[in-house]
Amino acid sequence: MKKGLVAFLASLMVLTVPMGFSGSSLGSGQTVYAEAPGESGSAFDKRITQRFDTDRVMDHIYYLTEEIGPRVAGTEEEKETAAYIQDQLEEYGYDVSTQEFDIANRLSGTLISGEDEFAIRISPGSASTGEEGVLGEIVYSGLGLEGDFPAEVDGNIALIQRGEIPFWDKVNRAQEAGAAGVIIFDNAEALVPPTPSLGANQADVPVVGITKADGERLLEENMTAVITISEVTDQVSQNVIAVKEPKGKKSNDAEIVYATAHYDSVPYSPGASDNASGTGVVLELARIMAPYPTEKEIRFVFVGAEEIGLVGSRYYVSQLSEGEIARSAANFNLDMVGTNWEPATSLYVNVVDGAPNQVWQSASGAAERLGNDSLILFERGASDHVAFYEAGIDAANFIRREPGTAALEPWYHTPFDTIDKISESRLQEGGQLIGAAIYDFARKEHPGKGKSENRRATVSGAYLLNEDQTAPEAR
């Protein structure tokens, strides 16, 4: 990411992130929240809780976010992350396998003005450009209404504000006015740009969305810009799998427990919370559990391409045999478990149908033993547990949210999802609780049922593929 983009985004963060943080500053990385109120008396739980090393998890998060950075599906950075995960698992003594799978073609591009690169989201109906891109003066064109396009827009780039009419009407009128490209800037403060949806229409020019702050900056400084958009084809992603064999059983006889996390991120985002946090915790649980015997087989599965539609987890489940599906008992999926956003005091256990399945029961049982009251059962898809649920396997996603609203941290899917937004105490609390639940479930022939208290909050409607809107707004 170029220096101008980093500096400008940092100034925007100061203006737009909600206040209300206590303890140490945002940049310290030491903010402490939600300490677990007690220790379990179970010797088996202590195998997990006393060996869980938050410093190791933070080391993983640091490497993924600071050494690698954004890990977009199909990129070299995502491949580098997969190699790092494989190396770590092999150090813990596991035989590690990988699965490679194709991902859909996508548009990739940049918006550069002077020495600065601006964060963009490309319209799904945008045209591509040549390697040299489209160069032009930025010409303000209002809301894209009739009469909003000055003569100067011909051959240049129309800068249009969001609102009042559909995106396609704005773009179509810009094309008719001779614009060589279209930039649509938001009409409300936000940390991420809008994605201009053109419906079923296809533009003849490149179309991108930017934030309100970036749009106002382009407007004030009378800049020229270059838009470059190309189709990325023939890309692949990969899953990384380590298997812990059960004690004294043939691997094709034992039940299977899955501990999963995705390791890719969205463009521009270092993805510390989403999902270096879940990846780091699952790596640490793999390290801890390696020497301990269990009755069930444990598979530690790190999936790619989650952010573009749960592609990696769906591919993984699709490759399981009928016998493996029949033996599959539970999926514990970790996604965004370490945010230091103060309101996110609860660890939500998202279940696609909202029912208190075996994952919830095991987690709530561990919470009771540990004296932890942070769990909330919630009806939600939007992560990799969906693929396991669709195959008939008990599955749940563990994620930090604000109780009541179920809100996520404000820097979700933004360039501000950085390591200084991670709470070490919350990583520890979640890692110990989920680890104790997985180990208790896997070490027993018939796991005990935890208490499923009536703490369920439900939402209606179909489950989502991720936490973004089901579809971009049309205007």
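A residue is called buried here when its relative accessible area is under 20%. By that criterion, 59% of the 475 residues of the chain are buried in this predicted model. The accessible surface of the chain amounts to about 18,600 Å², and carbon and sulfur atoms contribute 47% of that area.

The chain holds twelve helices and 16 strands. Among contacts with a separation of 6 or more, 82% link residues 24 or more positions apart.

The account may begin with the sheet. Eight strands form an open sheet with mixed pairing, in the order β1-β10-β12-β11-β13-β16-β14-β15. At its edges stand β1 (96-102) and β15 (375-379), each of which pairs on one side only. Neighbouring strands of the sheet are turned by 25° against each other on average, direction ignored. Strands of a sheet pair through backbone hydrogen bonds, either parallel or antiparallel. The pairing of β1 with β10 (residues 236-244) is antiparallel and comprises seven bridges; phenylalanine 101 has serine 237 in β10 as its bridge partner.

Two helices deserve attention next. Helix α12 (residues 424-443) lies across β11 (256-262), β12 (297-303), β13 (328-334), β14 (346-351), β15 and β16 (394-401), and runs at about 175° to β13. Helix α7 (residues 272-289) has 18 residues and spans 24 Å from its first C-alpha to its last, close to the 26 Å expected at 1.5 Å a residue. Because 18 of the 18 residues of α7 are buried, this helix is largely enclosed by the rest of the structure.

The interior can also be followed through its side chains. In soluble globular proteins, nonpolar side chains tend to be buried together. The largest nonpolar core in this model has 61 residues, of which Ile61, Leu89, Phe300, Phe302, Phe332 and Phe398 touch the most other members. Leaving out residues up to four places away in sequence, leucine 89 touches Tyr94, Val96, Val240, Ala242, Leu283, Ala286 and Phe302. A second, separate core of 18 residues includes Phe118, Ile122, Phe185 and Ile229.

Valine 72 is placed in the loop between α3 (54-68) and α4 (76-91). Its relative accessible area is 15%, so valine 72 counts as buried. Beyond its neighbours within four places in sequence, valine 72 contacts Glu78, Arg106, Ser265, Val266 and Pro267. The C-alpha atom of valine 72 is separated by 8.6 Å from that of tyrosine 268, although the two residues are 196 residues apart along the chain.

Technical notes. Residues numbered from 1 in each chain as written. Predicted model: local features only at pLDDT ≥ 70, side-chain atom pairs only at ≥ 80, totals over all residues. Heavy atoms only, no water. Helix = DSSP H or I, 4+ residues; strand = E, 2+ residues; numbered from the N terminus. Buried < 20%, exposed > 50% of the residue type's maximum accessible area, 1.4 Å probe, protein only. Contact = heavy atoms within 4.5 Å. Areas by Shrake-Rupley, 256 points an atom, 1.4 Å probe, with all protein chains shown as cover. Core = buried A, V, L, I, M, F, W, Y, C linked by side-chain atoms within 4.5 Å. Expected span 1.5 Å × (residues − 1). Pairing = 2+ DSSP bridges. Axes fitted to C-alpha atoms, helices over the stretch in contact; angles between N-to-C directions.
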